[in-house]
Amino acid sequence: MCKVINFASIVEDEALRQAQITAELPFIYPHVALMPDAHVGMGSSIGTVFGTIGAVIPAAVGVDIGCGMIGVRTSLVKDDLKGDLTQLRDALEAIIPLSPGNYNSKVRFTATKNRVRELEDLAAEGGVNLEHSPKWKVQLGSLGGGNHFIELCLDELDRVWMFLHSGSRGVGNKIAQKHIRAAKADMRTRRRTVVDPNLAYLSEGTPEFDSYLRDLNWAQRFAYLNREEMMDRFAFALREFAGDFEEVERINCHHNYTVQEEHYGKRVWLTRKGAIRADEGVSALIPGSMGTASYVVEGLGNPEALRSAPHGAGRVLSRTQARAAFTAADLEARMGDIVHRPGEEFIDEIPDAYKDIDQVIVDAASLVRVRHKLRQVLNVKGT
């Protein structure tokens, strides 16, 4: 039986049970690593990392394929932010479509057109059928909702960072749902069973497996370019607000994806569901919740963690539970002087619904080294 290696000091029993069920699948190798921010998910728990040989589990990657973070350290410092940050907030809302279902009216920027062309070519080369998402081109450069956000932050030296969280939007969701259904259908056809239907898998060497990997690769690239597109728009708005600056560093990393890697001497399909790549020396981003700290980190390459680390704070309350426990006034009090979008629609993102990000980072001490701790001055979320 494969084992579970748990790095979380705060974790629900159900998340541990999900990890154990996943670990017992016959194609898991070498084990399941449970990240410090782990919590209950669909099929396998969020914050789960594992390798597979000869199979992949579409629902383990999830419906937001390639979701992740991008951060840019600028040459600006706190004293350069002289204006009213609500003006920057309004500018970001105008240039980046927010919330599910909100897209660009058309593909109007040259950089966007180049990214769309790259994705068109990738789809053509891989035989990726995108007929299910006729609006995918105008989804590029849009944020989405839930825990996705745009932030302006300051580090410990008051240097200005641009920071945002998003994934593959509606097109990635359609791709994921298509292949989750295909995996479940394939299990029925082959008369295979799993404890949880959302652990349905596709076997390597089948047309269904090949189709998923092609589509997965495309969606992961879409998510990466989506963040690049929004960051470029963020930079444009920030220059309009604070004046010209240089980009000192840019970090763009997935935390929902599958890729081939070598672990414990074998080539595996490594799935990170709510986890970042943390190879030795690799920089990555671990956001907190709305109104709390975020971290810029460097991987330590821990083999037991499958060279991975947490992707954020991790929920302790569901969205329904958070809405029942807190009010818009509670959220306003928690946000303090951080410029943000107020309203009841954001209650389920209150920091109290998440684990303490500082404890998550303590638990991750053997996985990453902290480079910078960021504090927000501006937060923009979609509903």
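H311 is found in the loop between β15 (308–310) and α8 (319–325). The structure is a predicted model, and UniProt, in an unreviewed entry, places the feature "active site" at H311.

**Surroundings of H311**

- H311 has a relative accessibility of 12%, and because buried means under 20%, H311 counts as buried.
- The side chain of H311 makes a polar contact with the side chain of D37, at 2.5 Å.
- D37 is also among the residues in contact with H311 when neighbours within four places in sequence are left aside; the others are I46, H255, G274, A275, I276, I286 and P287.
- The annotation of H311 as "active site" comes from the UniProt record, where the entry is unreviewed.

**Packing of α3 and α7**

- Two packed helices are described by the angle between their axes and the distance between the axes.
- The axes of α3 (residues 85–95) and α7 (residues 207–242) come within 10 Å and cross at roughly 145°.
- The crossing of these two helices, α3 and α7, is right-handed.
- On the α3 side, the residues that meet α7 are L85, Q87, L88, A91, L92 and I95.
- On the α7 side, the partners are R233, F234, F236, A237, L238 and F241.
- Sorted by class, the residues of this contact between α3 and α7 are ten nonpolar, one polar and one charged.

**Q18 in helix α1**

- Q18 lies in helix α1, which spans residues 13–23.
- The relative accessible area of Q18 is 5%, so Q18 is buried.
- A polar atom of the Q18 side chain lies 3.2 Å from the backbone oxygen of G43.
- Apart from neighbours within four places in sequence, Q18 is in contact with V40, G41, G43, S44 and S45.

**L331 in helix α9**

- L331 is located in helix α9, residues 328–335.
- With a relative accessible area of 1%, L331 is buried.
- Not counting residues up to four places away in sequence, L331 touches M290, G343, F346, I347, I350 and P351.
- L331 and A60 are 271 residues apart along the chain, and their C-alpha atoms are separated by 32 Å.

**Backbone features**

- Most residues other than glycine have a negative phi, and most peptide bonds are trans.
- A cis peptide bond joins Y29 and P30, with omega at about -5°.
- P30, one of the two residues joined by that bond, lies in strand β2 (residues 28–39).
- S99 is not a glycine, yet S99 has a positive phi of about 80°.
- The place of S99 is in the loop between α3 and α4 (110–126).
- S99 counts as buried because its relative accessibility is 8%, and the cut-off for buried is under 20%.
- Y264, also a residue other than glycine, has a positive phi near 50°.
- Y264 is found in the loop between β10 (256–263) and β11 (266–273).
- The relative accessible area of Y264 is 43%, which means that Y264 is partly exposed.

Terms used: Residues are numbered from 1 along each chain as its sequence is written. This is a predicted model: local features need pLDDT of at least 70, side-chain atom pairs count only at pLDDT 80 or more; totals for chains, interfaces and linings use all residues. Side-chain values use heavy atoms; hydrogens and water are left out. Axes are lines fitted to C-alpha atoms, for helices over the stretch in contact, and angles run from 0 to 180 degrees between N-to-C directions. Helices (H or I, at least four residues) and strands (E, at least two) are DSSP runs, numbered from the N terminus. A crossing is left-handed if the near helix is turned anticlockwise from the far one by less than a right angle, and right-handed if clockwise. Contact means heavy atoms within 4.5 Å. Ala, Val, Leu, Ile, Met, Phe, Trp, Tyr, Cys and Pro count as nonpolar, Asp, Glu, Lys and Arg as charged, and the others, Gly among them, as polar. UniProt positions are given in the numbering used here, feature names are shortened, and annotations may be inferred rather than shown by experiment. Buried means under 20% relative accessible area, exposed over 50%, partly exposed in between (1.4 Å probe, protein chains only). A polar contact is a pair of N or O atoms within 3.5 Å; within protein, one must be able to donate a hydrogen and the other to accept it, and residues adjacent in sequence count only if both atoms are side-chain atoms.
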